[in-house]
Amino acid sequence: MADQAKELHKLVERYRIADGKRFRLKHCDPADTHHLDAEDKPRSKTLLSSSVSLLAELQDKLFAQDRKSLLLVFQAMDAAGKDGTIKHVMSGVNPAGVQVSSFKAPSAEELDHDYLWRAWRALPERGRIGIFNRSYYEEVLVVRVHPSILQGQKLPPTSLTKHIFRDRLRDIAHFEDYLSRNGTQVLKFFLHVSRDEQKRRFLERIEQPEKNWKFAAGDVKERGHWDDYMAAYEDAIRSTATEANPWFVVPADNKWFTRLVVVGAVVQALEQMNLAYPTVTAAQRQELQTARALLEAEATAPPARPGKRR
Ligand code: ATP
Ligand code: MG
């Protein structure tokens, strides 16, 4: 078990970006599986399931302690495996302690507010884990790649400056800093799939009838902007990765590996929170003893006598 924890720790550290300034996306290989290969899959499955169990234990303490919370932000190109990864991370945890929110193109009501408004409303309560399937980062990703979207955001003309994306990245860094100083740590995951693997998965969605529903024709068009997206991701990560609120650039060409790294990162973050069940005060202990005495003093009902009608 200790060996497993060490192995997972090493794995997670490799993909953790806590100092954005030195980050370069070109140094990251989407097909990387550390030293694990297909033959290690059974072992990594064991590692994954024991990590999922550990996650459940830690979440129980997080909930009982009711002080801190964890926000997991998932960003990726289409078909990188966000949904499947979220499903895995959450497979062992108590649903009462988790809140998942998906962010699509903003609604009319959302456009009537600043861009962080809808994120604020979905933040996890104390003791909970919040999951954002896409997030406020779309404002410096899809909107940056398609700046015409800004025209529909009802911003005052003075806000539409040349440095709007640099300003937004600063807003986001401040927002996350504020959150972590107030008890919510933000872990950001970029599921880094390669363009070739995305193509393979799109073709699979077209060819397999049970996957047809996942296919959206617009996604193929979006591939055409691949390099712009990668540049936007790199800048977002460079501008917002900190020790308190790190990014994880997770290789996503192999789904089993993606899941292992993500679950490992969540477990590690919870472990570093030093969670513990709340301790009972002397007064509470006294209360427990009184309750026990009351329960024990209750008269036990006489057993019903056989054959006798009441
Ligand atoms: P999947 O395709 O796996 O079901 P998804 O997250 O891609 O999941 P979709 O409904 O396909 O969900 O896409 C949501 C779309 O909304 C994405 O293209 C995303 O870029 C877009 N979006 C999210 N936030 C914003 C935003 N603030 N402004 C404009 N577009 C946004
Ligand atoms: Mg989609």
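What follows is a short chat about the predicted model shown above.

Visitor: What kind of model is this?
Guide: A predicted one.

Visitor: How many helices and strands does the protein chain have?
Guide: The protein chain has 12 helices and six strands.

Visitor: And what does the C-alpha trace span along its principal axes?
Guide: About 85 × 55 × 45 Å.

Visitor: What share of the residues count as buried?
Guide: 45% of the 310 residues in the protein chain.

Visitor: What about the accessible surface?
Guide: For the protein chain it comes to about 17600 Å². Carbon and sulfur atoms hold 53% of that.

Visitor: How many positive and negative side chains are there?
Guide: The protein chain carries 48 positive and 42 negative side chains. The centres of the two sets lie 3 Å apart.

Visitor: On to contacts. Of those between residues at least 6 apart in sequence, what share join residues at least 24 apart?
Guide: In the protein chain, 83% of them.

Visitor: Now the sheet. In what order do the strands come?
Guide: The order is 1-6-5-2-4-3. The six strands form an open sheet, and the pairing is mixed.

Visitor: Which strands stand at the edges?
Guide: Strand 1 (16-17) and strand 3 (98-102). Each has a single partner strand, so one side of each is left without a neighbour in the sheet.

Visitor: How many bridges join strand 1 to strand 6?
Guide: Two, and the strands run antiparallel. Strand 6 covers residues 247-251. Within this pair, Arg16 stands opposite Phe248 of strand 6.

Visitor: And the other edge? How many bridges join strand 3 to strand 4?
Guide: Five, with the two strands running parallel. Ser101 has Phe132 in strand 4 as its bridge partner.

Visitor: In which sense do strand 2 and strand 4 pair?
Guide: Parallel, over five bridges. Strand 2 takes in residues 69-76. Leu70 has Ile129 in strand 4 as its bridge partner.

Visitor: How many residues of strand 4 are buried?
Guide: Five of the five, residues 129-133. Strand 4 is therefore largely enclosed by the rest of the structure.

Visitor: Which residues of strand 4 point which way?
Guide: Ile129, Ile131 and Asn133 point one way. Gly130 and Phe132 point the other way. All of these are buried. As a general rule, side chains in a regular strand alternate between the two faces of the sheet.

Visitor: Let's switch to Gln59. Where does it lie?
Guide: Gln59 lies in helix 2, residues 41-65.

Visitor: Is Gln59 buried or exposed?
Guide: Gln59 has a relative accessible area of 3%, so it counts as buried. The cut-off for buried is under 20%.

Visitor: What does Gln59 touch?
Guide: Leaving out residues up to four places away in sequence, Gln59 touches Val93, Asn94, Gly97, Val98 and Ile129. Ile129 is also one of the buried residues of strand 4.

Visitor: How far is the backbone nitrogen of Asn94 from a polar atom of the Gln59 side chain?
Guide: The distance is 2.9 Å.

Visitor: Backbone angles next. What is the phi of His34?
Guide: Positive, about 55 degrees, although His34 is not a glycine. In general, most residues other than glycine have a negative phi.

Visitor: Where does His34 lie, and how accessible is it?
Guide: His34 lies in the loop between strand 1 and helix 2. Its relative accessibility is 26%, so His34 counts as partly exposed.

Visitor: And what about Lys154?
Guide: Lys154 also has a positive phi of about 55 degrees, and is not a glycine. Lys154 sits in the loop between helix 6 (142-145) and helix 7 (164-181). With a relative accessible area of 57%, Lys154 is exposed.

Visitor: What else lies in the loop between helix 6 and helix 7?
Guide: His146 is one of its residues.

Visitor: Which residues is His146 in contact with?
Guide: Setting aside neighbours within four places in sequence, His146 is in contact with Glu222, His225 and Tyr229. His146 and His225 are 79 residues apart in sequence. C-alpha to C-alpha, they are 9.4 Å apart.

Visitor: Last one: Lys26. Where is it?
Guide: Lys26 is in the loop between strand 1 and helix 2. Lys26 is exposed, at 68% relative accessible area.

Visitor: How far apart are Lys26 and Glu234?
Guide: In sequence, Lys26 and Glu234 are 208 residues apart. In space they are 9.1 Å apart, C-alpha to C-alpha.

Key: Residues are numbered from 1 along each chain as its sequence is written. Chains are lettered from A and ligands numbered from 1 in the order in which they are written. This is a predicted model: local features need pLDDT of at least 70, side-chain atom pairs count only at pLDDT 80 or more; totals for chains, interfaces and linings use all residues. Side-chain values use heavy atoms; hydrogens and water are left out. Two strands pair if DSSP finds at least two bridges between them. Helices (H or I, at least four residues) and strands (E, at least two) are DSSP runs, numbered from the N terminus. Buried means under 20% relative accessible area, exposed over 50%, partly exposed in between (1.4 Å probe, protein chains only). A polar contact is a pair of N or O atoms within 3.5 Å; within protein, one must be able to donate a hydrogen and the other to accept it, and residues adjacent in sequence count only if both atoms are side-chain atoms. Contact means heavy atoms within 4.5 Å. Accessible areas come from the Shrake-Rupley method with a 1.4 Å probe; for residues, only the protein chains shown count as cover. Lys and Arg count as positive and Asp and Glu as negative; His and the chain ends are not counted. The place of a charge is taken as NZ of Lys, CZ of Arg, CG of Asp or CD of Glu.
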